Amino acid sequence: MKQDKAVVVFSGGQDSTTCLLWALTQYQEVYTVTFDYGQRHIEEITCAEEIAKELNVPFKVLDMKLINQLAANALTRSDIAVTEGTSEELPSTFVPGRNHLFLSFAAVYAQSIGARHIITGVCETDFSGYPDCRDVFVKALNVSINLAMDSSLEFQTPLMWLNKAETWKMADDLDALDFVRTRTLTCYEGIRGDGCGKCPSCVLRQNGLTTYLEEKQGSGAK
Ligand SMILES: [Zn+2]
């Protein structure tokens with residue numbers, strides 16, 4: 001039986017779209033919340049809105065541009081280049097605590113509409129240097145949030161331990177591989193679908209897809 005109400009933290013990318021499709025199979029009512037933090041590509045929000053409309057789920061944008069008062073980084077400032085992180089340095093796309101802030105706002109929104117579950121596509125497997133995407137952080141925040149609001153909200157992280165190939169498999173198992181592949185926007189250059197093919201995000205996505213499709217072919221499934 002489906003559980004009642006859930007909010008999906010939604011960006012229109014591969015991961016959160018897969019989470020949204022998964023949530024639609026698990027919950028009776030599904031809502032989305034998207035954060036406008038002055039993304040370099042406003043296309044991201046348009047893309048998220050179109051996917052939500054196509055899947056017939058309510059779409060809410062929260063204005064989070066205030067985080068730009070706190071940090072300058074490559075996703076919101078066009079004069080800073082996108083660089084990959086190293087073991088010593090976080091990637092240039094990092095806004096300290098961004099996910100922490102987003103999840104906290106999503107929780108307040110969920111509480112306000114009577115949704116118990118908050119779904120986020122954060123993932124520790126392809127750990128990209130974002131400490132607030134780790135499982136231990138999400139669990140700790142869940143406790144803090146419930147203490148803060150006297151609530152019994154539950155964060156769900158269906159992708160936490162999946163690699164990119166497994167996330168593609170999840171989309172395929174939901175009969176939505178082509179949907180996720182063509183509709184979503186993950187590329188730092190703002191190109192939907194398979195993207196520019198060159199930025200770190202496209203490379204990660206493409207490698208995962210290639211691995212998954214090879215595995216699928218090898219196993220003779222479908
Ligand atoms: Zn790209």
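1. Basis of the model. The structure is a predicted model, in which local features need pLDDT of at least 70 and side-chain atom pairs count only at pLDDT 80 or more, whereas totals for chains, interfaces and linings use all residues. Residues are numbered from 1 along each chain as its sequence is written, and side-chain values use heavy atoms, with hydrogens and water left out.

2. Overall layout. The protein chain has seven helices and five strands, where helices (H or I, at least four residues) and strands (E, at least two) are DSSP runs numbered from the N terminus. Read from the N terminus on, the order of elements is β-α-β-α-β-α-β-α-β-α-α-α. Of the 222 residues in the protein chain, 46% are buried; buried stands for under 20% relative accessible area, exposed for over 50%, and partly exposed for what lies in between, with a 1.4 Å probe and protein chains only. Among contacts (heavy atoms within 4.5 Å) between residues at least 6 apart in sequence, 69% join residues at least 24 apart.

3. Strand β1 and its partners. Strand β1, residues 3-9, is mostly covered, with five of its seven residues buried. Six bridges pair β1 with strand β2 (residues 27-36) in the parallel sense, a pairing being assigned if DSSP finds at least two bridges between two strands. Within this pair, Val9 stands opposite Val33 in β2. The chain passes from β1 through helix α1 (residues 14-26) to β2 in a right-handed β-α-β crossover, that is, the path from the first strand over the helix to the second runs clockwise with the strands pointing away from the viewer. Strand β4 (residues 117-119) also runs parallel to β1, joined by three bridges, and here Val8 stands opposite Ile119.

4. Thr17 in helix α1. Thr17 has its place in helix α1 and counts as buried because its relative accessibility is 0%. Apart from neighbours within four places in sequence, Thr17 is in contact with Phe10, Gly12, Ile51, Phe179, Val180 and Thr184. Gly121 is 104 residues away from Thr17 in sequence, yet the C-alpha to C-alpha separation is 8.5 Å.

5. The α5 and α7 pair. Helices α5 (residues 164-173) and α7 (residues 200-219) pack at an angle of about 65° with their axes 7 Å apart; the axes are lines fitted to C-alpha atoms, for helices over the stretch in contact, and angles run from 0 to 180 degrees between N-to-C directions. Their crossing is right-handed, the near helix being turned clockwise from the far one by less than a right angle. From α5, Lys164, Ala165, Trp168, Lys169 and Asp172 meet Leu204, Arg205, Gly208, Leu209, Thr211, Tyr212 and Lys216 of α7. By class, this contact has five nonpolar, two polar and five charged residues.

6. Positive phi values. Asn56 is not a glycine but has a positive phi of about 60°; Asn56 sits in the loop between α2 (43-54) and β3 (59-63) and is exposed, with a relative accessible area of 71%. Asp175, also other than glycine, has a positive phi near 60°; Asp175 lies in the loop between α5 and α6 (177-183) and is exposed at a relative accessible area of 66%.

Note on methods
Ala, Val, Leu, Ile, Met, Phe, Trp, Tyr, Cys and Pro count as nonpolar, Asp, Glu, Lys and Arg as charged, and the others, Gly among them, as polar.
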